[in-house]
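Hello,

Here is the structure I promised to pass on. Please look it over first, then read my notes below.

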Amino acid sequence: MDFEHGRNTVVQTEKGKLRGFRHNGVYHFYGIEYAKAKRFMPPEEVESWKGVKDAVNYGFTCYPFRPDRIGNNLKNPHRFWPQSEDCQNLNVWTKDIHAKEKKAVVVWFHGGGFFNGSSLEQVAYDGYNLCNTYDVVVVTVNHRLNVLGYLDLSKFSDKYARSANVGNLDLIATLQWVNKNIEAFGGDKDNVTIFGQSGGGVKVYSVMNMPASAGLYRRGMVMSGTLGKQLSDYERDMTPNVKRMLEILGIGENEVEKLEELPHAQIADAYYQAHLDLGGAGNPYFGPMKNEDYLGDPVFNGFSEAAKKAPLIVGSVYSEFTTLPAKYQRYAMTDEEMVKACEEELGKENADKLIPIFQKAFPEKKIIDLLTYDYSAVRGAAMDFIRARLRDGCAETYNYFFSTVFGTNEGTTAPHSSDIPFIFHNTSLVPSADLGAEETKRLEYLMSGRFIAFAKTGKPQLEGEEEWPACTKEREATMVYNVDTTIQYGVDKELLEEMGKRIPSSTL
């Protein structure tokens with residue numbers, strides 16, 4: 001029987017004993033409380049306990065900013081879980097709680113911007129396969145989000161001077177917990193890699209730009225997290241939003257402590273309405289703001305000394321948020337029809353100029369795939385981010401571009417989040433990640449294997465495989481992950497530049 005739950009699955013942490021369970025060769029510890037906090041205040045240490053606590057259930061996840069809705073479970077199978085303001089918990093997978101040789105540790109910051117998501121939201125976030133395949137310790141974390149984690153009340157009360165960043169301070173607290181406790185789980189506290197996707201990627205580099213994180217991580221990976229000014233505090237002031245929210249709630253500007261007593265949903269609804277009243281669209285900005293805790297967006301404010309010393313992988317996917325208009329059926333179109341579609345969407349002059357450049361950059365793609373190429377959301381910002389790292393003399397920075405075509409609708413270029421199951425070695429959990437048995441296995445090996453090699457050694461190299469060089473000012477090397485994976489230099493640089501000059505970002 002490969003299951004155990006008892007005296008042999010107990011670890012001693014700084015605050016007390018935890019009992020997880022062992023299954024299929026891996027120890028699982030779920031819902032470990034790493035901190036507690038009062039509303040809008042920085043996290044505090046949890047109290048010590050006597051006896052043994054079970055750690056076999058996932059902890060509460062944070063309330064989302066807007067109510068949960070059904071997404072695309074074919075592309076990103078989701079899980080939903082009970083929600084609470086008391087959501088500061090983490091999960092650990094490890095092969096050996098009694099390891100003599102301490103193992104590399106990877107800590108996952110989930111996506112969903114800074115307004116929703118959780119450590120278990122996507123099925124692909126499960127840490128079992130990554131742990132079992134590569135013998136690393138995997139940690140995934142929940143933290144405070146949206147108005148609970150990033151509501152800037154500093155202009156209204158000294159008490160809340162740090163409120164805009166308490167969600168990120170939770171993430172610092174997770175790394176502090178790892179530093180103090182991970183050796184009990186077989187991990188090496190001095191070999192920690194933080195990684196995250198989308199908003200989680202922003203969390204990675206923003207945490208790296210917080211002075212309190214120094215010494216708590218060695219390296220990082222940012223997946224589809226370079227979003228330019230979209231998730232940046234640069235030149236932002238959220239004070240008008242807070243003022244309007246207080247008006248909606250009938251709370252005076254000198255009475256902000258009353259917010260501590262209101263239900264989360266009431267505050268969130270009022271903040272959303274304030275955003276709309278002030279002419280906003282979509283969701284309002286949530287994220288860390290420059291202050292004593294955070295140096296600000298590193299592209300505009302420079303990188304912290306610790307961030308400069310940390311090697312980093314920066315990646316993105318082919319389409320990100322760009323989808324093919326429904327009137328076009330990629331699998332059924334001739335080349336002539338694709339050219340005509342590009343002319344209709346982009347204008348004939350632009351199509352005539354861009355199609356040859358596109359075909360040079362991506363000869364394996366169909367002409368219509370020009371319409372789903374991400375030139376304005378993440379890809380260009382990724383290269384800007386890397387150039388900022390090079391500008392500031394940072395440690396090695398590696399770039400990847402996930403360029404696969406999936407079988408959904410008989411051919412869909414890689415959308416946002418589609419690289420996650422490959423990095424987590426979890427393609428078996430995501431039906432649409434199936435590219436064919438051998439192709440999927442090979443790509444999963446390359447992507448998860450290179451990531452873990454990086455986590456263990458600082459170099460994303462696999463024995464017998466092509467070398468992945470870091471970017472330099474002279475040569476921007478990109479690992480293009482596809483069925484035929486290869487290193488390319490300046491692969492889409494000309495295409496990015498031409499599309500940026502010719503096509504407004506709102507066109508596609």
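Asparagine 91 stands opposite threonine 140 in strand S9. S9 covers residues 137-141 and pairs with S7 in the antiparallel sense, over four bridges. Two strands count as paired if DSSP finds at least two bridges between them. Strands are DSSP runs (E, at least two residues), numbered from the N terminus.

A note on the model. It is predicted, so local features need pLDDT of at least 70 and side-chain atom pairs count only at pLDDT 80 or more, while totals for chains, interfaces and linings use all residues. Residues are numbered from 1 along each chain as its sequence is written, and side-chain values use heavy atoms, with hydrogens and water left out.

Back to S7. Strand S5 (residues 26-33) also runs antiparallel to S7, joined by five bridges. There, glutamate 33 has asparagine 89 as its bridge partner.

S7 spans residues 89-94 and is mostly covered: six of its six residues are buried. Buried means under 20% relative accessible area, exposed over 50%, and partly exposed in between (1.4 Å probe, protein chains only). Asn89, Asn91 and Trp93 point one way from S7. Leu90, Val92 and Thr94 point the other way.

Now the other sheet. It is open, has three strands in the order S2-S3-S6, and its pairing is mixed. Strands S2 (10-12) and S6 (52-54) are the edges, each pairing on one side only. S3 (residues 17-19) and S6 pair in the parallel sense over three bridges. Arginine 19 has aspartate 54 in S6 as its bridge partner.

Best wishes
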